[in-house]
Amino acid sequence: MLFRSFVGYFGLKDDCGDCVCLALFLFMRNPGNFKAVQQAAILGGPSNVTAALVGAMCGAYSGKFFLAQDMIEALENSSRVVAFCDLFSGKLFEQMPKEA
């Protein structure tokens, strides 16, 4: 399995602390692509943590465009979820310093 190979190659322990390294690797390999989350989910080891981290990175990188529209529509209360995400991202970007 890729997770075991990655862990063995880099001398990492098979625990959640090393999921950050693997998540960053997968994100950089496929930035903003849902494929990175799918790869994390099937790796083995603490894949739920790794997939959550990759998903967070991809979501931060791509925003709501990270997920396909049919995936968004399949969410329970999808319109409320999208509205909350838009509100959150709007507040986040309001806090960012303006370029000169």
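I started from Thr 50, which lies in helix H4 (helices being DSSP runs of H or I with at least four residues, numbered from the N terminus). The model is a predicted one, in which local features need pLDDT of at least 70 and side-chain atom pairs count only at pLDDT 80 or more, while totals for chains, interfaces and linings use all residues. Residues are numbered from 1 along each chain as its sequence is written, and side-chain values use heavy atoms, with hydrogens and water left out.

I looked up the exposure of Thr 50 and found a relative accessible area of 1%, so Thr 50 is buried (under 20% relative accessible area, with a 1.4 Å probe and protein chains only). Leaving out residues up to four places away in sequence, I listed Cys 19, Leu 22, Ala 23, Leu 26 and Ala 40 as touching Thr 50, contact meaning heavy atoms within 4.5 Å.

I then turned to the helix pair, and noted that the axes of H2 (residues 19–29) and H4 (residues 47–62) come within 9 Å and cross at roughly 45°, the axes being lines fitted to C-alpha atoms over the stretch in contact, with angles from 0 to 180 degrees between N-to-C directions.

Last, I checked the largest nonpolar core, which has 12 residues, among them Leu 22, Ala 51 and Phe 66 (buried Ala, Val, Leu, Ile, Met, Phe, Trp, Tyr and Cys joined through side-chain atoms within 4.5 Å). H2 gives the most to this core, with four residues.

Definitions and conventions. Helices (H or I, at least four residues) and strands (E, at least two) are DSSP runs, numbered from the N terminus. Buried means under 20% relative accessible area, exposed over 50%, partly exposed in between (1.4 Å probe, protein chains only).
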